[in-house]
Amino acid sequence: MEELMMNELTVMEKDERLVVSSVDVAEMTGKDHKNLMRDIKGYISTLEDSSNLSAPNFFVEGSYVSSQNKILPCFFLTRQGCDMVANKMTGKKGIIFTATYVDRFHAMENQLKQELQPKLPTTYKEALLALVEAEEEKEKLLLENKQKDAVIEEQKPMVVYAEQTIESDTSIDMAMMANLATKRGYRIGRNDLFAKLRKWEILKDNNTPYQQFMNAGYFEVIQVPVKKTRTQVPKTLITPKGQIYIVNRLLKELNGLEAFKELGLI
């Protein structure tokens, strides 16, 4: 009597479901693969005629590489698909095939459950290592939260100022910018502001912005006529976006100075 090859049936995961290959089923049951493919196509045709049943829940089209290194069609059978094939078999082959696929599917399901469950420590050393790892992860999260809070706190002046000024699309000159900065808490005059922006290398010696700050949308430069002459000179205006940038930098500098004062360093 022909002996079945139980070791040939392999359960695998495909598209988040457990399946076996029709090639393995054919080899295990001693059935010609093309005949099994023909039968499965007949099952699929019948299932597709039913509005209550879905063929992909039983059989999924696929392919495999043959011993001649050719890519050939096959089907992947779910547990339900195996049930359908097994129901058409009788005698020892049907019994052995049914017992084997039930056992293999059950084993694979248990394996997946174990992989999803966290591994519990079995020794004192493993428990200590798990505790250290948990504490390190906790400290890491605390540090990340502190860093996020620090960034939020640092950006507060800019955010508040942005809410108050972005409503306006008007660019202003340096005198108005100095007045605006003073209202926001940083006392500074027009000429001192020009000097500070030159020191920060935002403005050139002629008080026009460097190209990178123009490209960032912080400034615009217009030409204004000189009284009693036919010449024009450039005048730097600060856009709403530039106003936010400058006030934010000034307030950050002010906050830094206040911190130094509290420490008695200045």
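# Strands, salt bridges and a charged patch

Visitor: In β2, which residue is the bridge partner of Met-12?
Guide: This is a predicted model: local features need pLDDT of at least 70, side-chain atom pairs count only at pLDDT 80 or more, and totals for chains, interfaces and linings use all residues. Residues are numbered from 1 along each chain as its sequence is written, and side-chain values use heavy atoms, with hydrogens and water left out. β1 (residues 12-14) pairs with β2 in the antiparallel sense over 3 bridges; two strands pair if DSSP finds at least two bridges between them. The partner of Met-12 in β2 is Val-19.

Visitor: In β4, which residue is the bridge partner of Ser-21?
Guide: Strands (E, at least two residues) and helices (H or I, at least four) are DSSP runs, numbered from the N terminus. β2 also pairs with β4 (residues 71-77), in the antiparallel sense over 2 bridges. There, the partner of Ser-21 is Phe-76.

Visitor: How many of the residues of β2 are buried?
Guide: Buried means under 20% relative accessible area, exposed over 50%, partly exposed in between (1.4 Å probe, protein chains only). Strand β2 covers residues 17-21 and is mostly covered. Its buried count is 4 of 5.

Visitor: Is Val-11 buried or exposed?
Guide: Val-11 lies in the segment before β1. Its C-alpha atom is 9.9 Å from that of Phe-76, 65 residues apart along the chain. At a relative accessible area of 9%, Val-11 is buried.

Visitor: How many residues apart in sequence are the parts tied together by Glu-253 and Lys-196?
Guide: Their side chains meet in a salt bridge (3.0 Å, N to O), meaning a side-chain nitrogen of Lys or Arg within 4 Å of a carboxyl oxygen of Asp or Glu. Glu-253 lies in helix α9 (residues 240-262) and Lys-196 in helix α7 (residues 190-199), so the pair joins parts whose separation in residues is 57.

Visitor: Which residues do salt bridges that share partners join into one network?
Guide: Asp-39 meets Lys-31 in a salt bridge (2.4 Å, N to O). Asp-39 also meets Arg-38 (3.3 Å, N to O). Asp-39 is buried at 19%, whereas Arg-38 is exposed at 52%. At 24% relative accessibility, Glu-253 is partly exposed; the network itself consists of Lys-31, Arg-38 and Asp-39.
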